[in-house]
Amino acid sequence: MVGAERQLEPVPREAALAGNPGVVDEHIDGPFEPVNAGRASADGGEVAQIEVDEVRAAHAHSTDGFEHGRGPSLGATRQHDGCPTLGQMLGCRSPDTCIRAGDHHEAVDKIPIQVGHGARVTSGAIIRGMTDQKLPAEADSAVLELFARTARTVPAYGAFLREHSVNPQAVRTIDDFRRLPLVTRENYVRRYPLAERCRNGDLSLCDIVAVSSGSTGPSTFWPRTLHDEHASTSRFEQIFSEAFEADRKPTLAVVCFPLGTWVGGMFTTSCCRQLASKGYPVTTVTPGNQRPEIFRVVKALSPMFEQTVLLGYPPFLKDIVDAGPSEQIDWSTLGIKLVMAGEVFSEEWRTLMAERTAMARPTVDSASLYGTADGGVLACETPVSIGIRRFLAARIELASALFGKSRLPTLVQYDPATRYFEAHEDTLVVSCDSGVPLVRYHIADEGGVVAHAPMIERMRSEGFDPEGAALGAGARSVQRLPFVYVFGRSHFAVSYYGANVFPETVSLGLEQPEIRAFVTGKFVMEAREEASRNRELTIAVELAVGVGGSSHLSEAVAESVLAQLLRYNSEFANYVPSSRQRPKVTLLPSGDPEYFPAGVKHRYSRP
């Protein structure tokens, strides 16, 4: 089945469709027609665009089709008719789709969630967001155009289609598109030369290349152009403008992602600078993941700005925040905001970080990006999605009913005109344009897709209004975008400090001559959150029959695994602080019922 596997029941279909002016294909099978698009006032009516003052004019639309709140579409980029260009007044004069701030909502900034009223919203607040409604036919048309262009101009994809006996001219409808073979790293990325996967078979058309680590094999290269980054910058803009108000507040963006050939640091830096080029008072500094440099620039520069945004992997940001006081940094004076990526974290973790940085509004003052080296930034948390997640964090049975698992996924929203998501057997498939265009690319993250209206209506049926809560917490607008939920990377990889830890690499550590006689080769790795909210890489290892565990053997296994991780995984070596790299190894007897039960297909990782 193509589409999100999880049905949000038992909201009546009529309620799910009520008040939605347009329909976008969100790939959901079942009782709901997915919806998109328009925005309504808190009382359900449409809200016309509000004029903006001149101080916000600078971050209007650029002349290359990069609209405020939206990047270029999957198809040919275009500027919405009637929209001013850079340097002119911000705002599209077509009917807008924002929800106006109201005064009826619930508070979700603390755990446990308190349901009630009382937070105040300024009724005259300017509410902005996407300037163009994308009806389903337009979203489908965009992805069909992406397919046709990729089949025509990318030699590797043309060869891939011929191998699978696909005639591109026969792919005319979205149903035809959904029958196309999935593209994976194994059957496409690792099979065809890099240049042949680029537009026109020419790598030189791209101006930068990022690298993502494999397991024990060669690294994968992902070229792109500045234009390819516009869709990703749109998600940064959504956070910086609608939540952080960085279009009017002088903001220091401290990039704490690792710098170098890896995608995180350079990509983030580029997107932040693109915001500055649009007129945002955002100044970017790039200490990377070097702690002394982070502390140095924060102490020297942050007091000169109204707010400071720390951008990095969640466990590393926690390390920085926890060490701040010993470096004479008072986070409460710096207007801290957080942008994370790469890992699922708990809402208790978010609450703890809010307490330690004095973020009074964690649903608005923090956000996580969902991105990959291959596709760029695919989606982002919003005050609405964070509010829903915090509501569900106190209601795990409801979360399990919605998402099919007892653990809580990351919940983000995406623009279907630039990132076309599908669900395939409880994993995610995406189509998006880039230096290496991807059509029905199986990113293999466990998760699914849910349309906007069914999600909102289900929450309201449970007594929680996520849109009202978001506006009440201080969000400047609410966008009616579909949701993607993500449990983490599948194929048994574990995400740790933003690095993929692969079972194959751990296996090499267990196969070393000084280790292999004592173990079976089976193990389970996990990236756990400790009581202190720090992350720790743990590995449960099955001992060979008749072998007893010892602290000496446990230490030897940990050293052997660490040596292979440092040798073969450059992300692990450069992303993970040295003090956190050594895994915690637990030796368990053969056939341990919790980790190594007999007669059950073994899984080498737990999320």
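Trainee: How many helices and strands are in the chain?
Mentor: Both are DSSP runs numbered from the N terminus: helices are H or I, at least four residues, and strands are E, at least two. This is a predicted model, where local features need pLDDT of at least 70, side-chain atom pairs count only at pLDDT 80 or more, and totals for chains, interfaces and linings use all residues. Residues are numbered from 1 along each chain as its sequence is written, and side-chain values use heavy atoms, leaving out hydrogens and water. The chain has 19 helices and 19 strands.

Trainee: What share of the 607 residues is buried?
Mentor: Buried means under 20% relative accessible area, with a 1.4 Å probe and protein chains only. Of the 607 residues in the chain, the buried share is 61%.

Trainee: How many disulfides does the structure hold?
Mentor: A disulfide needs two cysteine sulfur atoms within 2.5 Å. The cysteine sulfur closest to that of Cys198 is in Cys206, 4.7 Å away, so this pair is too far for a bond. Cys198 is also buried, at 0% relative accessible area. The number of disulfides is zero.

Notes:
Buried < 20%, exposed > 50% of the residue type's maximum accessible area, 1.4 Å probe, protein only.
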